[in-house]
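Me: I would like to learn how to read a protein model. Can we take it one feature at a time?

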Amino acid sequence: MNSLFSVNVKYLKLKEGTDGYKKMNETYLVNAVSFTDAEAKIVKEMEIRGIREFQVEAIKREKYSYILTNEKDGGMFYNALIEYFAEQEDSDKPKRIRLSMCVESSHIDNVNEIVEEAVGNDLNYGLIKVSLSKIFYVIQ
């Protein structure tokens, strides 16, 4: 079963038009089966990007229920928390369920539309919180 991991990577990038370097610190969201698999996928991604010297600073498991990527309106990643109530068979009281999502969008104002499109009309939910994420890129 796959899990989601955030992987922090540090490297030096040559500044355009100068002889200097800029320190880069990027966080990637990686869909992997283990910490080792997440690290292997980051090494492959860095090779594809032409970055040979880098350091994996941290790998931690994330608790996102869904990743909503958006190719037509992408750019930044946001943390979105939704809440809905589900009926319980053994109780009269409905159960509150919260889902955390990673949503790709060009602007925070579009996050609700993207979540609504993904969830559809089947679920009566409320968007509790939206915040900008540190995620730079998602690796499936």
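Me: How far apart are the mean positions of the positive and negative charges of the protein chain?

Reply: Lys and Arg count as positive, Asp and Glu as negative; His and the chain ends are not counted. Each charge is placed at NZ of Lys, CZ of Arg, CG of Asp or CD of Glu. Here the 19 positive and 23 negative charges have mean positions 8 Å apart. This is a predicted model: local features need pLDDT of at least 70, side-chain atom pairs count only at pLDDT 80 or more, and totals for chains, interfaces and linings use all residues. Side-chain values use heavy atoms, without hydrogens and water, and residues are numbered from 1 along each chain as its sequence is written.

Me: How many helices and strands does the protein chain have?

Reply: Helices (H or I, at least four residues) and strands (E, at least two) are DSSP runs, numbered from the N terminus. The protein chain has 2 helices and 8 strands. Their order is β-β-α-β-β-β-β-α-β-β.

Me: Which strands pair with β1?

Reply: Two strands pair if DSSP finds at least two bridges between them. Strand β1 (residues 3–14) pairs with β2 (residues 21–32) in the antiparallel sense, over 12 bridges. K13 has K22 in β2 as its bridge partner. In this hairpin, with 6 residues between the strands, G17 takes a positive phi near 75 degrees. Strand β1 also runs antiparallel to β3 (residues 54–62), joined by 8 bridges. There, L4 has E62 in β3 as its bridge partner.

Me: What share of the residues is buried?

Reply: Buried means under 20% relative accessible area (1.4 Å probe, protein chains only). Of the 140 residues in the protein chain, 32% are buried.

Note on methods
Buried < 20%, exposed > 50% of the residue type's maximum accessible area, 1.4 Å probe, protein only.
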